[in-house]
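The sequence and the structure come first.

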Amino acid sequence: MFGGISTKRTCSGCGVTYFWNQDLEWDPFAVALPECFDEYKKLLVYQDNRFGVLPLRRLVVDAYAAQHPPCLEIQIFLGINRDLRAESVQNMPIYLLSLFLAFEKNMEHERIPLEVQNVKLNIIRRKTEFLDLKKPTMKYELCMYDLWDIVKDTRLSREEYTYLMLRFAEKTWDSWYEYHAFIKKVYLTHKN
Ligand SMILES: [Zn+2]
């Protein structure tokens with residue numbers, strides 16, 4: 001994605017290729033391409049304006065984050081400092097935990113943020129450090145590009161919108177199948 005003259009570049013997280021827009025900024029961890037991150041921000045604004053704060057908001061945020069694990073090479077290239085780089089690695093199991101609770105434990109969406117917070121505090125308290133998770137080899141069925149493409153042009157009902165976001169989150173969780181057992185272990189180890 002770096003070097004050479006190109007009008008397109010590919011998001012290292014979701015793998016979608018975008019037209020380069022130099023006016024856009026990177027997210028603080030530099031895990032998503034600015035063009036991808038821009039669509040994510042637009043989607044959340046649209047969602048909040050249209051439906052208010054949905055119970056599945058956190059799930060959308062975490063599924064998006066789960067599709068964007070850090071890429072050290074890009075982070076170093078962009079001058080992301082060591083603390084932020086470490087934080088981005090440490091956050092990945094936390095995002096996946098949210099998806100685990102939704103799709104394996106069938107936890108109500110309203111409860112998930114609090115449960116995730118509880119586990120996160122125990123992880124911090126015990127000074128548990130995670131290794132970098134290898135991103136899935138399986139392609140994501142739905143990415144932010146697909147979601148925004150549908151949402152911006154179609155006036156979906158609340159039910160249709162919810163269905164689409166749940167599918168996005170669940171398929172993202174499925175793609176991470178190699179870490180399902182690991183995330184379950186993280187949960188059981190740190191829930192109390
Ligand atoms: Zn992306």
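Predicted model: local features only at pLDDT ≥ 70, side-chain atom pairs only at ≥ 80, totals over all residues.

## Basis of the model

Are helix 4 and helix 5 parallel, perpendicular or oblique to each other? Residues are numbered from 1 along each chain as its sequence is written.

## Helix 4 and helix 5

Helices and strands are DSSP runs numbered from the N terminus (helices H or I, at least four residues; strands E, at least two). Helix 4 (residues 82-103) packs against helix 5 (residues 112-125) at an angle of about 135 degrees, and their axes are 10 Å apart; axes here are lines fitted to C-alpha atoms, for helices over the stretch in contact, and angles run from 0 to 180 degrees between N-to-C directions. The two helices are therefore oblique to each other, given that angles under 35 degrees count as roughly parallel, over 145 as roughly antiparallel, 65 to 115 as roughly perpendicular and the rest as oblique.

On the helix 4 side the contact involves Ile-94, Leu-97, Ser-98, Leu-101 and Ala-102, which meet Ile-112, Glu-115, Val-116, Val-119 and Lys-120 of helix 5; residues are in contact if their C-beta atoms, placed from the backbone, lie within 7 Å.

## Helix 1 and its two sides

Helix 1 (residues 34-51) has 18 residues and spans 25 Å from its first C-alpha to its last, close to the 26 Å expected at 1.5 Å a residue, the expected span being 1.5 Å times one less than the number of residues. Within helix 1, Cys-36, Phe-37, Glu-39 and Tyr-40 are buried, a term that requires 20 or more other C-beta atoms within 10 Å of a residue's own, whereas 12 or fewer make it exposed and values in between partly exposed, with C-beta atoms placed from the backbone. Seen down the axis, the buried residues of helix 1 fall within an arc of 155 degrees, so they line one face of the helix; the arc is that of the directions from the helix axis to the C-beta atoms.

The other side of helix 1 holds the exposed residues Lys-41, Val-45 and Asn-49. The buried residues of helix 1 pack against strand 2 (17-19), helix 2 (57-66) and helix 6 (144-153).

Helix 1 and helix 6 pack at an angle of about 45 degrees, with their axes 9 Å apart, which makes helix 1 oblique to helix 6. Their crossing is left-handed.

In helix 6, Met-144, Leu-147 and Val-151 are buried, and they cover an arc of only 65 degrees around the axis, which puts them on the same side of helix 6. The face turned away from that buried side carries the exposed residues Asp-149 and Asp-153. Val-151 is buried because 21 other C-beta atoms lie within 10 Å. Leaving aside residues up to four places away in sequence, Val-151 touches Leu-43, Tyr-46 and Leu-156.

## Positive phi in two loops

Ala-30, in the loop between strand 2 and helix 1, has a phi near 55 degrees, a positive value in a residue other than glycine. Lys-127, in the loop between helix 5 and helix 6, also has a positive phi, near 55 degrees. Ala-30 counts as buried, with 24 C-beta neighbours inside 10 Å, whereas Lys-127, with 6 C-beta neighbours inside 10 Å, counts as exposed.

Note on methods
Contact = placed C-beta atoms within 7 Å. Left-handed = near helix turned anticlockwise from the far one by under 90°.
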